[in-house]
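Please read them alongside the sequence and the coordinates.

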Amino acid sequence: MEELNEMNNSAEQAEQNVNQPLADEKAAVNNHAEEPTAPTTTENVETAQPETTPVNEAPAAEEAMPEAENNESAEAKEEAFVEPEVDYSGCTREELVSRLHDLLLGEITQIKNRVASIRNAFNAANAEVRKAAFDQFIAEGGNKDEYEPKDDAVAETFRTLYNEYRERRQKHQEEVDARKQENLRKKQEIIEELRQLVSSEETIKKSYDDFNALQERWKAIGDVPRENVNDLWQTYHLYVGQFFEKVKINRELKMLDMKKNLEQKIQLCERAEELIVEPSIIKAFKDMQSLREQWREIGPVPTEHNDEIWARFCNATNQVSARHREHFEQRRSEMEKNLLAKQALVEQAAQLTAQEPTSTRQWDDTSSQLDELLKVWKTIGPVPREHNETIWNTFKSSIDNFYNRKREYFGRVKDEQTENYNKKIDLCLQAEAIAKRDDWRKATDELLQLQAEWKAIGPVAKRNSEKIWQRFRGACDEFFARKTQYYNTLRADENENLAKKEAILTQLKEYQFGEDKEENLRVIKDFQRQWMEIGFVPVDQKERLRNEFRKVLDSHFENLKISARMAEENAFRERIRNNGGDRRSTNGERNQLMDRIEKLRNDINVWENNLGFLSNSKQADLLKNEFEKKVQNARQQLALLEAKLRILNETPKEEAPKSDEAAPETGNE
């Protein structure tokens, strides 16, 4: 009885162990009969027709497994990876170096096409730099036969990064080849063990256990060299066939196995049908490729279900392939639209550069407009490959020609900047002398006169502008700091003023407003007037008091539903009213407001003109919305400034009070 039970258990175990290797063996036999070979295009799936192969036949030794079906490898995954297409034609050399550096931080096997594109774009840009250097050498009187081209730091950096890429790529390939050789050795050992298993006299249970273990080891081993794939596969399946022939697996076991295969293929069909409605077309196509590979690994199904299940799977794969094909056709259509948009930008660039600017501002305005065109250009997607280089060169040549003429113009301005620099040096010397004087009234007038002269002098070279300005400003700051310190010593009542302002701040915090908005606004004005009438406070308390006073006012404005603009106009009106009729201060404020109004109006005009450059593409709409927000904010700010100007114009112009000494310009209130 125990012997009978042991035999039944052995038979059940043998049945379970044989299912998987039989499925794998049958899958190898029927790969070409039941399904398409590993497709590289969607057409393969659509045109493949099912054939029939007897399920009880062992795999023939002369059948070779296609390389794509056996090598589910890192190399195959690398080839299956779809690199994003990136247009680098508009990048500078420095940007290309940065892009290459960023790519090298990622997986070395997934950047090949982008690195090649960057290299081509860099070579083109570097050729222009070399040509410019050669032209300069010739223009400076050099002999072209003596010219030795040299790469600059940018080119050297690019070469270093590119060599690093090649070395890493080579090292990766060498490691892959070494692994393949080791895998080949391991699989050859398995084949030898399988040969010995076929000729052994072990029991069926023991043979199946050993056979399953060999299959698991075989599947766990990775890629082998391409030239050995078919021979290795044929030899392996020759012994697999001999093994199945030896053990004489009964038909009932095969039918159970085919039933299991049918269930697995039904699951694959269901997953394939889900991919038909997958939102991401690219993901759906890649997942379908994976399902095809899994389909090949599954063995045959009962003959009566073979055509039905294959037709169901093909129907799903064909629909996914059709969506994939339509996606790329749509992409081609979008590229044609991008071409039309970029042609329009080429025409606008040609119109902008056709006229010769006559002033620095005109040069800068045109430059700004060209920069905006370039920004719009970068928001537009790629164009058909056959037009990409031509349209970019046309657009770029218009911009390059303009900037070449601009450089010539500013070369003529350089002499004027040198003269302006000498004048400002003289003003610095005078300001530094005044900074040491103690006749505050006269020295102040003279220093203000120097500041006016400084503004009247034209610009200097950028490399000197900040340095000389800091020198002049330092002398002015030194004088006014000394003057402020002198007047601060005269303010003995600052602590008393501090206490008064603290009291007003406390009253304002605790004041309970009513429902009458006009009365509330009058009360706030009264608090502001009292605050402004109080004199100076200690410098270290000034900022705190001002911020706290403004914070409390803002809180009341928010609670009383008084708009920020109304509040700001009210505060401005109160400040002008408490200005004491200082005409010079009022005039200065008026001029400053008029300058800001004029600048805002100019900015609005420029932004509105830029809106005309934008096409109706999706990318341009985003930029258009951004410009419209800028224009809207600028109009609101312009309205507030104009309201302040009206308040100034309504203020009676009175003579400024005369005194022996003017109040210090840099007081603490």
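1. I begin with helix α18, where the face turned away from the buried side carries the exposed residues Glu518 and Glu533. Please keep in mind throughout that this is a predicted model.

2. The buried residues of α18 are Asn520, Leu521, Val523, Ile524, Phe527, Gln528 and Trp531. Seen down the helix axis, these buried residues of α18 fall within an arc of 160 degrees, so they line one face of the helix.

3. Turning to the aromatic residues, a search of the whole structure finds 23 aromatic pairs. One of these is formed by Trp295 and Phe313, which are stacked, with 4.2 Å from centre to centre and 20 degrees between the planes. This pair links distant parts of the chain, since Trp295 belongs to helix α11 (residues 281-297) and Phe313 to helix α12 (residues 303-352), 18 residues apart. Both Trp295 and Phe313 are buried.

4. Another stacked aromatic pair is that of Trp454 and Phe472, with a centre to centre distance of 4.3 Å and an angle of 15 degrees between the planes. Trp454 lies in helix α15 (residues 440-456) and Phe472 in helix α16 (residues 462-488), so this pair ties together parts of the chain that are 18 residues apart in sequence. Trp454 is buried, as is Phe472.

5. Two further aromatic features deserve a mention. Phe122, Phe158, Tyr162 and Tyr165 form one aromatic cluster, while the charged end of Lys187 sits over the ring of Trp218, at 4.5 Å from the centre of that ring.

6. How many disulfides does the structure hold? The count is 0. For Cys428, the closest cysteine sulfur is that of Cys476, and because the two sulfur atoms are 8.6 Å apart, they are too far from each other for a bond; the cut-off applied to a disulfide is 2.5 Å between the sulfur atoms. Cys476 is likewise in no disulfide, its nearest cysteine sulfur being that of Cys428.

7. Are these two cysteines buried or exposed? Cys428 counts as buried because its relative accessibility is 0%, and Cys476, at 5% relative accessibility, also counts as buried. The threshold behind both assignments is a relative accessible area under 20%.

How values were computed
Residues are numbered from 1 along each chain as its sequence is written. This is a predicted model: local features need pLDDT of at least 70, side-chain atom pairs count only at pLDDT 80 or more; totals for chains, interfaces and linings use all residues. Side-chain values use heavy atoms; hydrogens and water are left out. Rings of Phe, Tyr and Trp (its six-membered ring) pair if their centres lie within 6.5 Å; planes under 30 degrees apart count as stacked, over 60 as edge-to-face and the rest as tilted. Helices (H or I, at least four residues) and strands (E, at least two) are DSSP runs, numbered from the N terminus. Buried means under 20% relative accessible area, exposed over 50%, partly exposed in between (1.4 Å probe, protein chains only). A charge sits over a ring if NZ of Lys or CZ of Arg is within 6 Å of the ring centre and within 35 degrees of the ring normal. The arc is that of the directions from the helix axis to the C-beta atoms.
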